[in-house]
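Please look through the sequence and the model shown here, and then work through the questions and answers that follow, taking each one slowly.

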Amino acid sequence: MKIICIGRNYTDHIKELSNARPESPVIFIKPDSAVLPKEQDFYIPDFSNNIHYEVEVLVKIKKVGKHIEEQFASKYYDEISLGIDFTARDLQAQLKEKGLPWEKAKGFDGAAVIGHWVDKSKFGDLNNINFALVKNGKTVQKGNTSLMLWKIDALIAYVSTFFMLKKGDVIFTGTPAGVGKIESNDYLSGVLEEQELFTVKIK
Ligand code: ZN
């Protein structure tokens, strides 16, 4: 499986990192080795002094597709979740400055937290789902999918013009504002419409 991540999909987060609003979705890939195994703690890697959490809504692809039209995109997924796109922000800043790919800052081992999957039929409107990241008991990120610049179906259509989507692929749909640094002993949990879908301990 592959993990396709969308960058700069919420206006408030674009502003907090002083990035330009993109004309089309920003895409990058994490390898499958980036998935943090379930119930495993996240170890801060030696190569970074500034690992950030980014909570994001996830979509799991259920069948092969390419050049998917937006109007048919919903046939390609049944399950939604929440995860974290861990980012070595210091390393990413260096790579961005040099115009180099972000992979080292985004695709390292454990950099993709994937929560429990929930059937999409549980939600009335997928484009109006609330989600949050709670750190040590305090809400640090809050979002709603209505605030995405490109919604789930538009992302699937766009992504599938470049990459064939396969069963089991996961799309990370971008993070809202409030990203921040993790420290050892932090405890993170992701909440989608009142339901806790993951917890992660930082070591
Ligand atoms: Zn992200």
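Q: How does the lining of the largest pocket divide by class into nonpolar, polar and charged residues?
A: In this predicted model, a pocket is found on a 1 Å grid over the protein atoms alone, as an open set of points where a 1.4 Å probe fits, with protein on both sides within 12 Å along at least five of seven lines, and its lining residues have an atom within 4 Å of a point. Ala, Val, Leu, Ile, Met, Phe, Trp, Tyr, Cys and Pro count as nonpolar, Asp, Glu, Lys and Arg as charged, and the others, Gly among them, as polar. By these classes, the lining of the largest pocket holds eight nonpolar, four polar and five charged residues.

Q: Which element gives the largest share of the lining of the largest pocket?
A: The lining consists of 17 residues, and those nearest the centre are Lys-38, Glu-39, Phe-198, Thr-199 and Val-200. Elements here are DSSP runs numbered from the N terminus, with helices (H or I) of at least four residues and strands (E) of at least two, and those giving two or more residues to this lining are β7 (112-114) and β14 (195-201). The largest share, six residues, comes from β14.

Q: What is the volume of the second largest pocket?
A: The residues lining the second largest pocket include Asn-130, Phe-131 and Glu-194, and β9 and β10 each supply at least two residues of this lining. A volume is the space filled by probe spheres set on the grid points, which are joined across faces, edges and corners. For the second largest pocket, that volume is about 160 Å³.

Q: How many salt bridges does the structure hold?
A: A salt bridge is a side-chain nitrogen of Lys or Arg within 4 Å of a carboxyl oxygen of Asp or Glu. Residues are numbered from 1 along each chain as its sequence is written, and side-chain values use heavy atoms, with hydrogens and water left out. Since the model is predicted, local features need pLDDT of at least 70 and side-chain atom pairs count only at pLDDT 80 or more, whereas totals for chains, interfaces and linings use all residues. The structure holds nine.

Q: Is Asp-85, which forms a salt bridge with Lys-106, buried or exposed?
A: The closest N and O atoms of Asp-85 and Lys-106 are 2.9 Å apart, and both residues belong to a network of salt bridges that also includes Lys-30, Glu-54 and Arg-89. A residue counts as buried under 20% relative accessible area, exposed over 50%, and partly exposed in between, with a 1.4 Å probe and protein chains only. Because its relative accessible area is 1%, Asp-85 is buried.

Q: Why does Ser-18 count as exposed?
A: Ser-18 lies in the loop between α1 (11-16) and β2 (26-30), and its phi is near 55 degrees, a positive value in a residue other than glycine. Ser-18 counts as exposed because its relative accessibility is 67%.
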